[in-house]
Protein chains: 2
Amino acid sequence: MARDPQKTRDLILSTALRLFVEKGYFASSIHDIRHAAGLSIGSIYHHFDSKESIASAIYDDLLGRMTSLVEDASGSHMTAKAKCRAIISALFSMHETDPLIVHFVLHARHREFLPDAPPICSTRPFELMKQIIEEGIASGEIHPIDSVVAGAILFGGAMRLLHLAGDGVLDKPLGSYLDELFEAGWRGISV
Amino acid sequence: MARDPQKTRDLILSTALRLFVEKGYFASSIHDIRHAAGLSIGSIYHHFDSKESIASAIYDDLLGRMTSLVEDASGSHMTAKAKCRAIISALFSMHETDPLIVHFVLHARHREFLPDAPPICSTRPFELMKQIIEEGIASGEIHPIDSVVAGAILFGGAMRLLHLAGDGVLDKPLGSYLDELFEAGWRGISV
DNA sequence: GTCTATAATTTGATAGAC
DNA sequence: GTCTATCAAATTATAGAC
């Protein structure tokens, strides 16, 4: 039976994403994906050239979503402070609704299975965050320290919490830390 | 020829560590290690039961070093502020001398190839950092916010910089960021 | 477009000589 | 303690029927 090809493709991607996050890319074989998705090897290879191309498609898709998240959060506000807070808030929200996406983009070691992928920190969403920090320094909202340091404090702290949440070691829901986290981070870098 | 067995064992461990960091655990085969170390498969399996046991030995060794680093840095100072700064300074120094160690402990996804390893955040060095933060809160040095948040800001920011340094995307040597980083992080969480 | 069966490699690990 | 030769299993990927 010739099902909707787009549905099949999406099923392969969502199943592979779940397995990649749960067990890791290398510990998830094509046969695992085939079994978990209820498909055949042939169907998978009809839609994708290789296992790596599946990972690549996931990566492109999720990086695009992450870019939109950052652009939307950033574009809805005027000050660097409001933009940064909106980005972190949106990341925390995404972690609640789609933890797999956040985990794969922020914590997977893509270079190990996608050798041609650029370092994650040089991709668009991370460049945008860096740019917002630099604009905040230029406008006088943020202390004139190295933008890398300011970014590490503010977004690095948030990413650390996202990491802990992904490991399941937090007592409370992630969102309940947002206010304290942002207040402390912002106090550290604001003038 | 029966060489010094300890030397051989150390050679296997140091070679494996290098390959695991450069290419990842799964992309480094026993044959790769054999070739890079100039040994034979038989020699490797004489010293270790399995590939996983090599990774396990590396993990135990490096986690021990990291524990000593944190204990030494912490034990040499009285205030939470001085302890935290000494820990981050020592981590940055270790990154300069032994980047592979820092990378493997902080950034490798151990759970993917050592299923029985506890989450890294529940190991001794990380528990010590958390404890120092909590003592700082109790003594009135640190704002009475959630200790997880305070730790994420201070140490998460440092780990973020270590990550960027490991990816080779920093313009300057890591140590040159230390003062600004710690000052900003501490301002964020201190009373 | 989906399926089953199978090919071609690679992998972790073992056997046994020296 | 180290070596070479080899195994058994798993993996990615292909071929060809329906």
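**Chat: the DNA surface and the two chains**

Trainee: Which helix gives the most to the surface near DNA strand D?

Mentor: Helix 3 of chain B does, with four residues. Near means that a residue's C-beta atom, placed from the backbone, lies within 6 Å of the strand; helices are DSSP runs (H or I, at least four residues), numbered from the N terminus. This is a predicted model: local features need pLDDT of at least 70, side-chain atom pairs count only at pLDDT 80 or more, and totals for chains, interfaces and linings use all residues. Residues are numbered from 1 along each chain as its sequence is written, while chains are lettered from A and ligands numbered from 1 in the order in which they are written.

Trainee: Which helices supply at least two residues each?

Mentor: In chain A, helix 2 (30-37) and helix 3 (41-47). In chain B, helix 1 (5-23) and helix 3 (41-47).

Trainee: And by class?

Mentor: Seven nonpolar, nine polar and two charged residues. Ala, Val, Leu, Ile, Met, Phe, Trp, Tyr, Cys and Pro count as nonpolar, Asp, Glu, Lys and Arg as charged, and the others, Gly among them, as polar.

Trainee: Switching topic: how many residues of chain B are in contact with chain A?

Mentor: 32 residues of chain B, with 32 of chain A (contact: C-beta atoms, placed from the backbone, within 7 Å).

Trainee: Which elements of chain B give two or more residues there?

Mentor: Helix 9 (147-166) and helix 10 (178-189). Helix 9 of chain B has the largest share, 11 residues. That side of chain B divides into 19 nonpolar, six polar and seven charged residues.

Notes: Contact = placed C-beta atoms within 7 Å.
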